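Let's take a walk through this structure together, going from one landmark to the next. Keep the 3D view open as you read.

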Amino acid sequence: MRTNSIDSAAAALQAGYLCAIPTETVYGLAADATNPTAIARVFEAKGRPSDHPLIVHIADGAYLGEWIRDIPEWALSLTKKFWPGPLTIVGRRTDAALNVVTGGQDTVAVRVPQHPVALELLRNLYSAGVPGLVAPSANRFGHVSPTSAEHVLADLGDYLSAHDDLVLDGGLCSVGVESTIVLALDHTPVILRPGAVSSADIESFTGTPIGHMRAETPRVSGALDSHYAPRAKVLLVSESELHNFVTHSGVGLIARDDVVTPPQCVRLLAANTNEDYARELYASMRHADELGLETILVVAPSGDDVAIAINDRLKRAAF
Ligand code: TXA
Ligand code: MG
């Protein structure tokens with residue numbers, strides 16, 4: 001079931017099987033974006049409500065027009081700047097985007113991932129007549145996203161092996177949190193989910209202030225109050241509060257490396273930079289569950305970079 005072969009992955013996807021794929025953000029559970037039967041199995045495997053839309057992954061920004069029409073100029077230039085990379089654009093869909101992909105909405109989400117294995121796979125499939133792959137994060141719905149093939153197997157291994165599906169192993173993900181999702185319907189960029197491409201990046205690159213979410217803003221399951229959650233209870237604390245906690249053997253700590261570990265606490269993450277924090281965050285939460293810890297104390301990072309995405313995920317993990 002686990003493979004390093006891009007050819008095997010491409011063949012399986014063309015034949016309608018699922019294949020978990022590495023991307024630079026997190027692993028995705030991929031299916032042919034034009035195959036409704038395969039896509040239905042993605043929802044089944046994840047236990048995800050079927051009205052939650054999926055991101056279409058494509059090989060090259062040049063193919064964006066196959067999926068999104070009337071794209072604003074600022075959004076097109078964003079894709080030219082940040083693709084391949086951790087940026088997803090939501091725009092008005094073309095007929096290529098199936099209802100099972102969009103959740104029946106009139107918009108579709110598209111991105112070009114940066115992982116070399118994913119890109120080669122997408123290019124091979126495009127030449128073979130598969131224009132894109134849907135790929136939600138390859139975890140059970142509501143759980144922590146996977147940043148390694150082992151994480152995928154831990155969540156979905158039983159389901160995937162029972163159906164002869166594959167996991168394409170591309171090593172550890174380099175970014176570690178899901179892509180930034182930007183709504184591109186008019187002249188104002190709206191961030192639906194923060195990621196490694198920050199709002200500061202987008203504002204300075206487009207020269208346009210970021211708009212706010214409106215009531216009619218499309219639904220994003222990653223925006224549910226509780227999501228990205230490990231089994232252990234996540235408690236967000238400040239560095240000064242931390243040392244007032246009476247810690248005991250069932251408690252772990254996630255923080256930057258300048259935060260001192262309280263007595264008896266298991267150090268789960270000690271990141272030197274916010275990028276390291278993002279890359280290792282989900283693995284450290286999964287590690288807490290493997291150790292059977294009851295509680296994870298988290299000192300969130302600060303900054304206007306990927307720290308904003310980390311804080312967003314931590315808030316939902318703690319909810
Ligand atoms: O980094 C990522 O984006 C990863 C990797 C695998 O590419 N994928 C990912 O997919 O995080 P998923 O399905 O776990 O999260 C995609 C988010 C969901 O919250 C979904 O609601 C939102 O994108 N989304 C998809 N299509 C949308 C649309 N048309 N309008 C608004 N939100 C949409
Ligand atoms: Mg997800």
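Thr-3 is buried, with a relative accessible area of 14%; buried means under 20% relative accessible area, exposed over 50%, and partly exposed in between (1.4 Å probe, protein chains only). Before going further, please note that this is a predicted model, in which local features need pLDDT of at least 70 and side-chain atom pairs count only at pLDDT 80 or more, while totals for chains, interfaces and linings use all residues. Residues are numbered from 1 along each chain as its sequence is written, chains are lettered from A and ligands numbered from 1 in the order in which they are written, and side-chain values use heavy atoms, with hydrogens and water left out.

Thr-3 belongs to strand β1 (residues 2-3); helices (H or I, at least four residues) and strands (E, at least two) are DSSP runs, numbered from the N terminus. Setting aside residues up to four places away in sequence, Thr-3 touches Ser-8, Leu-166, Val-167, Leu-168 and Asp-169, where contact means heavy atoms within 4.5 Å. The side chain of Thr-3 also reaches the backbone nitrogen of Ser-5 at 2.9 Å.

Next comes helix α1 (residues 6-14), whose buried residues are Ile-6, Ala-9, Ala-10, Ala-12 and Leu-13. Why do they sit on the same side of α1? They cover an arc of only 165 degrees around the axis, which puts them on one and the same side; the arc is that of the directions from the helix axis to the C-beta atoms. These buried residues pack against β2 (19-21), β3 (28-32), α5 (116-127), β7 (133-134) and β8 (166-168). Just after α1, Gly-16 takes a positive phi of about 95 degrees.

Now move to the sheet in which four strands are arranged in the order β11-β14-β12-β13, an open sheet with parallel pairing; two strands pair if DSSP finds at least two bridges between them. β11 and β13 (266-271) stand at the edges with a single partner strand each, so one side of each is left without a neighbour in the sheet. From one strand to the next, the twist averages 20 degrees; axes are lines fitted to C-alpha atoms, for helices over the stretch in contact, and angles run from 0 to 180 degrees between N-to-C directions. Strand β12 (residues 251-256) pairs with β14 over four bridges in the parallel sense, and Val-251 stands opposite Thr-295 in β14.

Two helices lie across this sheet. The buried residues of α10, among them Ile-310 and Leu-314, pack against β10 (190-193), β11 (233-236), α9 (274-290) and β14 (295-298).

The loops deserve a visit too. Asn-139, in the loop between β7 and α6 (149-162), counts as buried at 2% relative accessibility. The side chain of Asn-139 reaches the backbone oxygen of His-143 at 3.3 Å. A cis peptide bond joins Trp-83 and Pro-84, with omega of about -10 degrees, and Pro-84 lies in the loop between α3 (73-82) and β5 (87-92).

Finally, look at Asp-70, which has a positive phi of about 55 degrees although it is not a glycine. Asp-70 is exposed, with a relative accessible area of 55%.

Terms used. A polar contact is a pair of N or O atoms within 3.5 Å; within protein, one must be able to donate a hydrogen and the other to accept it, and residues adjacent in sequence count only if both atoms are side-chain atoms.
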